[in-house]
Amino acid sequence: MASKNKPVDLSERLTRQSRTVEAIRKDPAIPTEITVTLDELVPSEFNPRQSVNPKFDDIKASIKARGLDHRFNVTRKSVDDPYQIADGGNTRLQALQELWEETGDEKFFRHQVTFKPWVDDEESLAGHLVENDLRGDMKLIERALAAKRWIGLIEEKEGKISMRKAADRMKAKGWGIDSGNLSVLMYAVDSLVEHLPDLLWAGAGVSIVKKIRSYEKAFKAYWDSLIENGEEPKEDWDSLWQNTLNEFDDVAFDFDGFFQLMSIKFSDAVDEPFSAVSSEIFNIMKGGKPSGVKSPQPNHPNAQPEPSTQPATAAPEASNSTPSQRPIQEPSSAPGALTQQVATPNEAQAPAVTAARTPPGTTQDDTPAESDQLSNAGQAGNFQPKTLDDLLQESYLASCMVAEVHDIDHLLMPTYGEYDTAPGIGWHIAADLFGGFETMLSELRPIQKLWAYGLMIPFIGIAHDCAEKGQNDVVEAINAMLPFPFMRLFEIVGVQQAYIHTNMLRTLPDYEGASAQHKKSQQGLLAFDKTLAAIRQHCADDYTSLFLESK
């Protein structure tokens, strides 16, 4: 009997075999224990740690002696991908790979692990960040870069998200962070890492990043307020700030040096004195509002009013004045001319010194009239004294004008005229006559202490300028006149308060109700500033002749 052969459907058989193979290759849908080798296992692409774990050697030694205390959790996106660490353990994997290469011991090669089904990129990143951050040895910049990537993954799925919502999302995934700290991380990665990579990868933490950000906010607030009032800086803000940051990229951040250089560059960009900029920033950082106005002082001692477009006033045909005497012209009101009427009291235009004291080398009867004692140091452009001694006397009298308001003029010792010493700026604080600096301060009321500190600030500023120029012998001479080296002196809170107070007083506009003490202090400060500018011009900013050479 002939057999009947049933036709074979090869297509159907191949399909069934394909389904069987696919079922066999499919990863488990629930956490499952499996065995993997190092050849099948790779580090996670979402590992936030980018620097060597500082505990790596200890971890490696422990694994060599004891083996793994905790098995790996692994995952993968598809069956065609290698297994990768699911949520922490990349350092241990690196240690195992080195031990396998060094020893060839099988116990370092084959491992029982727990397979966790793949969820998505966000879940994997969250697992690694939480696991690593719990150990507390991650760098801020590593956490910041991971957080930045996490926010990017969220926004790929859901669109733009606020800092608060991002922080809430991260908390829900197990990472304990609030929106405030998240904003610090974003500031580090968005604004700092490009300019301060060495600092951040050396381990700079939250407090350093916050302080740098507070500096930026203060400087930027004052910058914006000036622009709102018509200022046109010589440099754009981003270049100014970022270029200054670049100069301070190191394993530690020099905040004092940065503040000084930033203030100097700021002052150059807007043509305002360094001291005025510093005072404004100090005030803002302590909670004040940006003033939006510049100091009436020019940035440089040789700054002169721009030529007026108005017709020049004809000079008198005859004059009995000596060639060195120049008629004082009224400030020009032409567009573009340099005027100093904004934020400057009218009384300060030509301050008069009312100090009832006798300059060295004269008697009471010989004392010049008040109008001659201080040769109109507040007048714009009048920076041409007859002699250096005239300027030194003006400096002394202007300082006495301020000191007398608070009854501390007895602290000042003149150094011009008959005094055969290096004149300095015409005076110094004679603390030695009162038993030393500490004893002198102990006898003063709080407001007197503030102004005593304020009298030291010109010497601190000159010492700083000389240090920048490498005139170290002058710096040593000035430090010898001060109770402490100038850098240490400026760290004293009282000096910082005096610095802010005196510079704010310089820039305050005149107002109704201002006391006579207020006006006289302001007039004296402005008169001293003008005189010091003239002294600087006289010696071409080289203080050697003033502080090292006897007259």
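Contact here means that heavy atoms lie within 4.5 Å of each other. The model is predicted. The largest nonpolar core has 113 residues, and a separate core has 18.

**Helix α17**

- Helix α17 spans residues 472-481, and its buried residues are V474, V475, A477 and I478.
- These buried residues line one face of the helix, because they fall within an arc of 160° when α17 is seen down its axis.
- E476 and A480 are exposed on the other side of α17.

**Nonpolar cores**

- Within the largest core, the residues that touch the most other members are I212, W241, F266 and F547.
- Helix α16 contributes 12 residues to this core, the most of any element.
- Beyond its neighbours within four places in sequence, W241 is in contact with Y187, I212, Y215, E216, F219, F258 and M262.

**Aromatic pairs**

- The whole structure holds 26 aromatic pairs.
- One of them is the stacked pair of Y215 and F258, with 6.2 Å centre to centre and 15° between the planes.
- This pair links distant parts of the chain, as Y215 belongs to helix α9 (residues 206-228) and F258 to helix α11 (residues 255-270), 43 residues apart.
- Y215 and F258 are both buried, and both are also among the contacts of W241.
- F248 and F253 form a tilted pair, at 6.1 Å centre to centre with 50° between the planes.
- Both F248 and F253 are buried.

**Q84, a buried polar residue**

- Q84 is part of strand β4, which covers residues 83-85.
- Its relative accessibility is 8%, so Q84 counts as buried, the cut-off being under 20%.
- The side chains of Q84 and S44 make a polar contact at 3.3 Å.
- Leaving aside neighbours within four places in sequence, the contacts of Q84 include L41, V42, P43, E45 and F46, as well as N73, V74, T75, W118 and S124.

**Charges over rings**

- R76 lies over the face of Y83, 4.1 Å from the ring centre.
- R213 lies over the face of Y187, 5.9 Å from the ring centre.
- Y187 is also one of the contacts of W241.

Conventions:
Residues are numbered from 1 along each chain as its sequence is written. This is a predicted model: local features need pLDDT of at least 70, side-chain atom pairs count only at pLDDT 80 or more; totals for chains, interfaces and linings use all residues. Side-chain values use heavy atoms; hydrogens and water are left out. Buried means under 20% relative accessible area, exposed over 50%, partly exposed in between (1.4 Å probe, protein chains only). Helices (H or I, at least four residues) and strands (E, at least two) are DSSP runs, numbered from the N terminus. The arc is that of the directions from the helix axis to the C-beta atoms. A polar contact is a pair of N or O atoms within 3.5 Å; within protein, one must be able to donate a hydrogen and the other to accept it, and residues adjacent in sequence count only if both atoms are side-chain atoms. A nonpolar core is a set of buried Ala, Val, Leu, Ile, Met, Phe, Trp, Tyr and Cys residues joined through side-chain atoms within 4.5 Å. Rings of Phe, Tyr and Trp (its six-membered ring) pair if their centres lie within 6.5 Å; planes under 30 degrees apart count as stacked, over 60 as edge-to-face and the rest as tilted. A charge sits over a ring if NZ of Lys or CZ of Arg is within 6 Å of the ring centre and within 35 degrees of the ring normal.
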